[in-house]
Amino acid sequence: MAATLRRLYSKSIRISLQGIFLNKPFTRKQLLLPSSSQSLSFSSDHRFVSASTEVSSNAGSATNGGIISEGFLRWRNGGGTCHSSAVIDSSALVEVGAVVHEKAVLGAEVHVGSGTVVGPSVEIGPSTRIGYNVSISNCSIGDSCVIHNGVCIGQDGFGFYVDEHGNMVKKPQTLNVKIGNRVDIGANTCIDRGSWRDTVIEDDTKIDNLVQIGHNVIIGKCCLLCGQVGIAGSVTIGDYVALGGRAAVRDHVSIVSKVRLAANSCATKNISEPGDFGGFPAVPIHEWRKQIVRAQISNKRRT
């Protein structure tokens, strides 16, 4: 009798469990979905999508890890963090640790390295590569540019004045930086945003490491700026200009196209004719060489 009851009880349990599994099967998605993620749903290709229609529509195919914080989502290609309002091509790579802020635009095949911050409303053209720990704000960058590690673009320029009370007051720095196509910017270079006009670097210009470009500067196309060059605010430089290492240009100076400035030289006034220049203050190269020879002869006579 006891054996018969045990068989009937076991059979009733099997029938009950069979009914549960047949009527409400557990899917893999249900098993993997944590209790804290009840507000998330799954798309057909297993990507996390926010339950908010606004976030999911803005994110499109961008999300693969859910919401990071309010308005920010994990970019599926590289694992970086992107704001839901950013417009990013699906082929763009945003590495882990990089952040793309609201309304930024990244074109096709853009590569953003770890630690880089792309500020609000920044525009980056197709095939541009950005290294590690780069800061970009108040800026637009063209196609096929290379921005090396540690570059800072779009920060405030160094502009102050003394008011009638003798206080140091900061001048507003409210404009942008515009960088053309195929521009190369070396590591730890700084380019300030404009105050009364945009800072501009035109197509095919190449900039070495540790270069300082002040606010309102305009640099033409196909220029070469070697390491540690310093360009003060509101300078205008033409096309095909080459500045040697540690060369400097004083504020508000204009340099015409096809000028070469020797290393350790300083342009303190406008250069209105093409050619080679050197010295401090910079003069035509043959005059600078004469100055050096005269100084050497004078030193020999003293000794």
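1. Strand 33 (residues 259-261) and strand 35 (residues 275-278) run parallel and are joined by three bridges. Within this pairing, V259 sits opposite G275 of strand 35. The model is a predicted one.

2. Strand 35 also pairs with strand 36 (residues 283-284), here in antiparallel fashion and through two bridges. G278 has V283 of strand 36 as its bridge partner. Four residues lie between the strands of this hairpin, and G279 adopts a positive phi near 100 degrees there.

3. These strands belong to an open sheet of 11 strands with mixed pairing, in the order 7-10-13-16-21-24-27-30-33-35-36. Strand 7 (93-94) and strand 36 are the edges; each has a single partner strand, so one side of each has no neighbour in the sheet.

4. Elsewhere in the sheet, strand 16 (residues 146-147) and strand 21 (residues 184-185) run parallel, joined by two bridges. I147 stands opposite I185 of strand 21.

5. Apart from neighbours within four places in sequence, its contacts are V99, V100, H101, A104, L106, V112, I124 and I136. V99 is 19 residues away from V118 along the chain, with 6.2 Å between the two C-alpha atoms.

6. The structure contains six salt bridges. One of them pairs D156 with R193, with 3.4 Å between the closest N and O atoms. D156 is in the loop between strand 17 (152-155) and strand 18 (160-162), while R193 is in the loop between strand 22 (190-192) and strand 23 (199-201), so the pair ties together parts 37 residues apart in sequence. D156 is partly exposed at 36% relative accessibility, whereas R193 is buried at 12%.

7. A salt bridge also joins D204 and R182, at 2.8 Å from N to O. This pair links distant parts of the chain, 22 residues apart: D204 lies in the loop between strand 23 and strand 24 (206-207), and R182 in the loop between strand 20 (177-179) and strand 21. D204 has a relative accessible area of 25% and is partly exposed; R182, with 38%, is partly exposed as well.

8. D251 and R250 form a salt bridge at 3.9 Å, N to O. D251 is partly exposed, with 36% relative accessibility, and R250 is partly exposed with 48%.

Definitions and conventions. Residues are numbered from 1 along each chain as its sequence is written. This is a predicted model: local features need pLDDT of at least 70, side-chain atom pairs count only at pLDDT 80 or more; totals for chains, interfaces and linings use all residues. Side-chain values use heavy atoms; hydrogens and water are left out. Two strands pair if DSSP finds at least two bridges between them. Contact means heavy atoms within 4.5 Å. A salt bridge is a side-chain nitrogen of Lys or Arg within 4 Å of a carboxyl oxygen of Asp or Glu. Buried means under 20% relative accessible area, exposed over 50%, partly exposed in between (1.4 Å probe, protein chains only).
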